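Good morning, and thank you for joining this group meeting.

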Amino acid sequence: MASFETFLPPNNSVQIKNSGIMGYDVPEGVDIRGRYDPEFSKILTRDALQFVADLQREFRNHIKYALECRKEAKIRYNNGGLPGFDPTTKNIREREWVCAPVPQAVADRRVEITGPVERKMVIDALNSGAKVFMADIEDSLSPSWENLMRGYINLRDAVNGTISFHDQARNIVYKLNDQTAKLFVRPRGWHLPEAHIFIDGEPATGCLVDFGLYFFHNYANFRKTQGQGFGPFFYLPKMEHYREAKIWNNVFERAEKWAGIERGSIRATVLIETLPAVFQMNEILYELRDHSVGLNCGRWDYMFSYLKTFQAHPDRLLPDRVQVGMAQHFMRSYSDLVIHTCHKRGVHAMGGMAAHIPIKDDLKANEAALEFVRKDKLREVRAGHDGTWVAHPGLIPTCMEVFNNSMANDPNQIHSMKRQDASVLSEEDLLQKPIGVRTMEGFRLNTRVGIQYLANWLTGLGCVPLYNFLEDAAVAEISRVQIWQWLKYEAELDGDVRGVKVNLELFGRVVEEEMARIEREVGTEKFMKGMYKEACRLFIKQCTAPVLDDFMTLDAYNYIVIHHPIGSSRL
Ligand SMILES: CC(=O)SCCNC(=O)CCNC(=O)[C@H](O)C(C)(C)COP(=O)(O)OP(=O)(O)OC[C@H]1O[C@@H](n2cnc3c(N)ncnc32)[C@H](O)[C@@H]1OP(=O)(O)O
Ligand SMILES: O=CC(=O)O
Ligand SMILES: [Mg+2]
């Protein structure tokens, strides 16, 4: 029997809605497989989709090549190789050059708030008093069709200044203040497809969809109202090589040319959050030198990348993740080198995210959490960072005070904190083995948090408060890879269970016990209605896979792709 798809016109998506046939007006070669919604169709216009399709066609082979190169690098590391400085780009590291001057609109970035592109949170973040809001389509967003499309609408309304939200339950109307944070947008990483938009028969590249739709609808307004003639502004995640920065640079130039705006209008901060990238910071800035506003220490993904890069190096097993803080030599060296490199090249060196969030029901614990964050930010500003990240508005006053006290009226420390001492940091410093122990509690925490995070992600929530910490995709990935690695090398635990080896039997028992604990904590009704069992199966599969998957979210993505009107479909 012919399938329903047989009856659809080629290269076009048709939706059955009520009794009429409705669909997106798409250019040739573009097929929208996500749910039709008249609101979404204002974002997915024919011209906007043409812009995205043009980007996809121009850059798809470059992206495929870059992802192939990642695989080759992985083979080298799995065969015992270590990442390091590239001798062929020594002249870029050693020569004197600087990036284009920082635009006035973003000279002062001392506190930046981050959060998913959810409507109320976008308004709260823009009103929060932070200098910048990084609207996140990445670590803190589960990339379902609904989340993405509503996110693009929210961003458009935010840039237009018309965004509002009526919280019916509390009867509160949210609107923008007169003064708002400057907006940066973080698209997905290069590896993630957008399976609801097909271009020439293939899923589109997720970040080109994010960038393309946001840029197309907002560049003109943004430059007028937010960027003082510059913009839009972006954060770029998870790059592993400067060739990936070069693709972004070309995408920016292509977009600027299309829009008829000056080269160098678009600006981006690159997250240094993979181990290979720490050895290529100069090269990454060099590729983006007309479009750069700095680098940032994405410390959580950095830890994930450390684990992944050394997946086949049993001599480099990390201790419990809570012990891998910024005081570890390799982490401190990474932050110091980010500062030195950025300031040498005339751009911002942004700090990272402390995972603590305010604790509402325990005053003492809340004070301790705030004190931890305060110390972390003090370390950053004294080291020379120009600004930092917070995940929650409740942390802004503390962080603002720390940066105000150190930087006073200076917008940043680019010219005052050169950190010449960090210029001698070596491969050994950046790769020094961390100190600490592996415990049963660390093993349990990874299991419990990994499963709970995934259960939330599968139901559309990409950032979750768990045990007074923010948990997002980066932390879940750390949990997964750490368990995978401890299982593979039968890591010995320390503490109360000194000498016990991690193996499948132990993991099975821990999963059972932690699932029972999760059920107790969230309540049986929520547990049964939620996706905890699916999350558990997926997490076990990922942790016990013979070959480590590069990204758990790629596997999990199959569960949230919903093709319309035929039903859910796997990539
Ligand atoms: C590794 C990385 O990539 S880090 C960057 C990615 N991660 C993030 O950006 C995390 C963003 N933070 C969050 O998502 C949230 O703070 C969470 C999930 C951790 C906690 O959220 P909640 O449990 O809702 O916090 P809580 O109830 O204390 O919120 C109080 C208020 O602050 C708002 N709020 C909390 N965090 C944020 C935020 N990041 N941006 C804007 N508003 C926020 C809430 O919406 C709520 O608003 P309301 O009073 O108007 O209703
Ligand atoms: O994106 C930030 C990180 O720490 O990861
Ligand atoms: Mg990250």
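First, the conventions. This is a predicted model, in which local features need pLDDT of at least 70 and side-chain atom pairs count only at pLDDT 80 or more, while totals for chains, interfaces and linings use all residues. Residues are numbered from 1 along each chain as its sequence is written, chains are lettered from A and ligands numbered from 1 in the order in which they are written, and side-chain values use heavy atoms, with hydrogens and water left out.

Let us begin with ligand 1. Its shell holds 25 residues, where a residue counts as near if one of its heavy atoms lies within 4 Å of the molecule. The closest are T114, K120, R170, Y174 and K360. By class, the shell has 13 nonpolar, four polar and eight charged residues. Here Ala, Val, Leu, Ile, Met, Phe, Trp, Tyr, Cys and Pro count as nonpolar, Asp, Glu, Lys and Arg as charged, and the others, Gly among them, as polar.

Which side chains make polar contacts with ligand 1? A polar contact is a pair of N or O atoms within 3.5 Å; within protein, one must be able to donate a hydrogen and the other to accept it, and residues adjacent in sequence count only if both atoms are side-chain atoms. The side chain of K120 has an N or O atom 2.7 Å from an oxygen atom of the ligand. For Y174 the corresponding distance is 2.6 Å, and for a polar side-chain atom of H392 it is 2.7 Å. Alone, ligand 1 exposes 950 Å², of which the protein buries 82%; such areas come from the Shrake-Rupley method with a 1.4 Å probe, and for residues only the protein chains shown count as cover. Strand 4 (111-116) and helix 4 (119-126) are the elements that give two or more residues to this shell. Helices (H or I, at least four residues) and strands (E, at least two) are DSSP runs, numbered from the N terminus.

We turn to ligand 2. Around it lie D139, R186, L271, E273, G298, R299, W300, D301, W389 and A474, a shell of four nonpolar, one polar and five charged residues. Helix 10 (residues 299-309) gives the largest share, three residues. Oxygen atoms of ligand 2 lie 3.0 Å from a side-chain N or O atom of D139, 3.0 Å from a polar side-chain atom of E273 and 2.9 Å from a polar backbone atom of D301. On its own, ligand 2 has 190 Å² of accessible area, and the protein covers 96% of that.

Next, the helices. The axes of helix 17 (residues 504-522) and helix 19 (residues 532-544) come within 12 Å and cross at roughly 155°; axes are lines fitted to C-alpha atoms, for helices over the stretch in contact, and angles run from 0 to 180 degrees between N-to-C directions. Helix 17 is therefore roughly antiparallel to helix 19, a term for angles over 145 degrees. Helix 15 (residues 440-458) and helix 20 (residues 552-560) pack at about 40°, with axes 10 Å apart. This pair is therefore oblique, the class left when angles under 35 degrees (roughly parallel), over 145 (roughly antiparallel) and 65 to 115 (roughly perpendicular) are set aside.

Finally, the backbone. Most residues other than glycine have a negative phi, and most peptide bonds are trans. D200, although not a glycine, has a positive phi of about 50°; D200 sits in the loop between strand 9 (193-199) and strand 10 (202-205). G231 and P232 are joined by a cis peptide bond, with omega about 0°.
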